[in-house]
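Student: I have a structure open and some questions about it. Can we go through them one at a time?

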Amino acid sequence: MGGTLSALFGDPSGSSCCLATKPSLGDLPESCVALIVGYLDPPEICKLAKLNKAFRGASLADFVWESKLPSNYLVLIEKVFGAQKENMGKREVYARLCRMNTLDAGTKNVWLDKSTGGVCLSVSSKGLAITGIDDRRYWNHIPTEESSFASVAYLQQIWWFEVDGEVEFPFPAGTYSIYIRLQLGRASKRFGCRVCYTEHVHGWDKKPVQFELWTSNSQHASSQCILNEPGKWIQYHIGDFVVGNANSTTKIKFSMTQIDCTHTKGGLCVDSVLICPSKCRERVKHF
């Protein structure tokens with residue numbers, strides 16, 4: 001055993017010495033590391049930043065994070081943060097845009113998908129134009145922990161059902177999907193457990209609801225759907241649209257209607273509308 005150790009740590013002349021330290025990741029120049037991490041997704045960059053000082057420094061490089069930001073991020077900063085002129089690094093800009101940023105008196109949330117940098121926007125029920133919403137015989141805003149906006153619009157009963165919305169926002173170029181989040185029934189907690197009361201749900205199985213969207217550059221989509229799954233929140237697909245010019249503002253109008261007045265309908269909760277890049281819709285549909 002002693003001979004083996006001598007062979008490993010001794011030099012040919014017989015004097016003992018330490019083995020030369022082998023190169024490690026910590027020896028890589030920070031500029032080289034920055035070029036490497038630039039090819040990674042933001043979550044992966046954050047994980048590698050914990051490896052050593054070189055990776056931590058590289059993860060702060062502005063050019064790394066600028067490549068992850070939307071092409072029109074300067075317009076987004078102005079839209080989301082207003083007149084704030086803080087001297088933020090690009091990593092801080094990315095982190096702040098990934099938070100839930102509120103707009104229009106709290107009726108809208110806008111954020112970046114952390115993995116792709118795609119722009120997502122949601123509109124609360126209070127930011128929608130709902131026929132009869134001010135008449136408590138038909139509608140009520142009820143508080144709930146099941147909405148990111150802390151309340152939903154609950155329909156008791158109505159003949160003419162119509163929900164309209166309009167959004168004007170500088171979306172980056174890409175393909176986007178629009179969803180409306182609905183639930184048949186009214187959920188609450190009883191003895192700490194979730195229960196959904198569906199006794200007032202009626203009329204939705206007779207005729208489908210109609211979804212439509214229009215954009216300022218003449219795109220249009222429509223679809224129909226029967227609402228028949230009480231007791232759970234569902235994101236119903238309204239349609240898709242394409243943004244080709246990131247330097248201009250896109251206006252989107254959308255609607256959900258069931259205006260067959262031969263029967264009443266009721267027992268429906270309207271939470272919010274979600275607009276997100278189509279490529280990451282499965283990841284963000286739960287917002």
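Tutor: Start with S218, which is exposed at a relative accessible area of 70%. Exposed means over 50%, buried under 20%, and partly exposed in between, using a 1.4 Å probe and protein chains only. This is a predicted model, where local features need pLDDT of at least 70, side-chain atom pairs count only at pLDDT 80 or more, and totals for chains, interfaces and linings use all residues. Residues are numbered from 1 along each chain as its sequence is written, and side-chain values use heavy atoms, with hydrogens and water left out.

Student: Where is S218 placed?

Tutor: Strands (E, at least two residues) and helices (H or I, at least four) are DSSP runs, numbered from the N terminus. S218 is not glycine, yet its phi is positive, near 70°. Its place is the loop between strand 11 (209-215) and strand 12.

Student: Is F191 buried or exposed?

Tutor: F191 sits in the loop between strand 9 (186-190) and strand 10 (193-197). Its relative accessible area is 79%, so F191 is exposed.

Student: What is the bridge partner of A129 in strand 7?

Tutor: Strand 4 and strand 7 (residues 161-169) run antiparallel, joined by two bridges. The partner of A129 is D164.

Terms used:
Pairing = 2+ DSSP bridges.
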